[in-house]
Amino acid sequence: MRASISLILIGLLAAAAPSLALDLRAEVDRTSVPVGGQVALRLIVSGAGQDLPRIRISAPNGFDAYSLGTSQNISILNGRVETSLTERFVLVAKEEGSFTLGPFEITHRGETVRTEAITVQVVAGGAEAPPEPRQGGAAAGRTGRARDKSPDFFVRADVDRREAFVSEAITLTFRFYSRVRLSRDPEYTPPAATGFWIEDLPPVRRFYEDVAGVPYLVNELKYALFPTTTGDLTIGPASLKIQTASDNPLDWDPFQMFGRDPFAGLREGPPQVLRTDPIGIRVRPLPEAGRPQGFSGLVGDYSLAARLDKSTVEANQPVTLALILSGGGNLQTAPAPTIELPAAVRSYDSGSRVNSSKEGYRLRGEKVVEKVLIPQAAGQIVIPPATLVTFDPRAGRYRTLSTDSLRLEVVPSTAPVVSALGGREVRPFRRDLRAIREDLGALRSPRPWLISRPAFWIAQTVPLLIFLKALRDGRARRALAADVTLARARGASRVARRRLREARRALDGKADDRFYTFLAASLSEYAADKLGLSRLAVPRDDLLDALRARGVPSEVVSDLLSILERCDMGRFAPGGDAVAAREGLLGRSEATIVEMERRFGG
Amino acid sequence: MVRGLVAGCALVLLVNVAPGPRAAQGQPAPVPSGSAPGGVDDAVDLFERGNGAYRTGDFAAAAAAYEALRDRGLSGPGLLYNLGNAHLKRGELGRAVASYERALLLAPRDHEIRENLALARELCADRPSTGVAAPALVLSRAARRLTPDEWAIALDAAYVLFLATFIAPFHLPLRRSLVRRARLAVTLLLAIAAAALLIWHTGYRPGRRGVVISPEITVRSGPGTGYLGEFTLHPGSVVRIEESREDWVKIVYPPSLRGWTEAEGIEPL
């Protein structure tokens, strides 16, 4: 699109522009080059108008020639349009000697122009430093890919050995060769290596390397691989996703003059994925023959040393014994060396640490296993050698590593610490385990947790049921308290019984009218409460009528009336009845209340 | 009615503290009886032989006798404590810590178990990195002051009292504000007991934790030796067990180091 607009503008302006003389120039970036080296040749045609002729050249003697494409430049100054067309070529020197480029010439509209001849010296290989990879211009990648026999970039993966023992280190090298610059950082995917434990070996190395006479910038990554199983294993392909600039020749670039193209990202070509070939590794098991007892499984080239952090120590004070395993291999999984310590010291494992180094692209380091030793008594203690059996893959045999014996001088323990405040602060000078339990209570058998028993959860429903029943009763009681008439009716029998009890207590008080008072009250209050009438203000006849109206039989009502009248006589007439007569009256009253209770349905 | 409520609740507590089935969840069997092999006399004899071996310094024999008793289901806190002592004396730090931890689950306020466990922990090569969530640690320690059964009884009592706060006003002349305060208090107790039981269940139920017993275990990013080792642990380190897959277990070392290791290096608690 941009090219079309340019051409229209050029056409419009060219009609009004005066004619300019045609010019042709030839330029090279160097005049001396080694065999296999490159010379950049530019042929520049300039003049008025848009139809400047293209230049075709054949390969000069002693060189292979490849076109790098064409670029066009237009300038308008004071209404005059000038166009220049630059054809770029790369010439690859084939043989040693002195060669002449040109003169080159073109003919346009009857006018012939030519350049001067240029002499280039081709010297023996290696006489000149390889050039930096070229700026990722539009043509660079395309020419390299389309015409040059050497690719612009490729990847390669190698291992230092195809056959190894299990756990033996293998070095994997990945290299990315490039002779063009990329428009963005490549995306690298490391190889899949099932059956290996992998450690990367930084840093990435960059250097130049000639491949078939072509210089490449090489980026190199290294890994240490440790096979964890035996058999034929495969290191999968590593891949690299790269992106170069577009190679469209019409995509001329006015910014190239500044040496850096801010729009390079807008003209990227399609991404490419480069993959290495899978690599087969045969992993051999460690030999059974000659395998010592107590072999640790450690494979590599190691050495073992031991040291104490102090040579003299008080009794019952700690001293640290460090067992140091150093060398090249997988130290992370290295086991602790074996040591039989004398009975005069108590020992406790104090852990281990690994200090590893990847200097020189080799995985090396040391594993330090520490033990805290507490000598029990004063004297000289000899720490015997620690041992560790390893397999040396280079020698192909098992080795028993051993440390030297160490001597530890144990002096008697000093006195306890004295407090600065004066007096003696009592502090334990050692700590030991509390004694064992010897009572048979230690033998009791624990029960499973309550919350793990179903009975626990089922039992929780019992309080809930009781709660619901109590809640219902409580609510009923509260409702009863709010209805006085109903409460009196329900409580009538209880009140009557209480009055009868009081009457019985006053049974033999001859001069006392309380017997008759309580007896009359028991009957009249019972009837009033059952009928919902006032105990005081209701005339006796109304009370008896109401009883009849509620279906109480006439004979019961008559009995009631008879008893009440008898009570009246007893209260108001002098003398009163004998105790036996009173008892009879009390019995009749009780029978009457029972009969009324039956009628009221209580 | 109040009498009924009290009687019912007493019945509930009685049911709860009564001996239950021991076979559930792999719990130990009842104490064997009789003088035949496997009986009480035999167990007592084995216990005394273990104690005698310990006193004479034959810690391996003592540990074997205690282990035999434990295999018979006699895994009380006292026996586990003795077993921890025997293991520690013979240098089996991981198994010692495992025994003390088991004993502490049964008797969380036993000072001697705590002291010996603290001593064993000092010998452990690994230290949890800083950054353990302090509130979680405080809650966990508070929950472990009582056993799960003690918390269950507290939960029961709080539950009954909570219900009683609704019934009591029907029967007793109580001020409403007093009832409200009492209900709030028992609700709080109920919540604390429930939270403590939840902590026990999620963090300390059998098989939820484990102790490193191998001299060194490599914790990897996945369940297999093809995965990269990320860190190592040493005997006595207590880990949380999150998942098991064949011969591998996924563990968490506090506060948040996670990975897989071979199950044989971990003794589940």
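Modeller: Gladly! Two residues are in contact if their C-beta atoms, placed from the backbone, lie within 7 Å. This is a predicted model, where local features need pLDDT of at least 70 and side-chain atom pairs count only at pLDDT 80 or more, while totals for chains, interfaces and linings use all residues. Residues are numbered from 1 along each chain as its sequence is written, with chains lettered from A and ligands numbered from 1 in the order in which they are written.

The contact draws 63 residues from chain B and 46 residues from chain A. On the side of chain B that touches chain A, two or more residues each come from α1 (2-17), α2 (40-55), α4 (77-89), α5 (93-106), α6 (111-123) and α8 (148-171) of chain B (helices are DSSP runs of H or I, at least four residues, and strands of E, at least two, numbered from the N terminus). Here α8(B) gives the largest share, ten residues. By class, this side of chain B has 37 nonpolar (Ala, Val, Leu, Ile, Met, Phe, Trp, Tyr, Cys, Pro), 20 polar (the others, Gly among them) and six charged (Asp, Glu, Lys, Arg) residues.

Chain B also has strands to look at. β1 (residues 209-212) and β4 (residues 238-245) of chain B run antiparallel, joined by three bridges (pairing takes at least two DSSP bridges), and B:V211 stands opposite B:V238 in β4(B). β4(B) also pairs in the antiparallel sense with β5 (residues 248-253) of chain B, over five bridges; B:I241 has B:I251 in β5(B) as its bridge partner. Two residues lie between the strands in this hairpin of β4(B) and β5(B), where B:E246 takes a positive phi near 50°.
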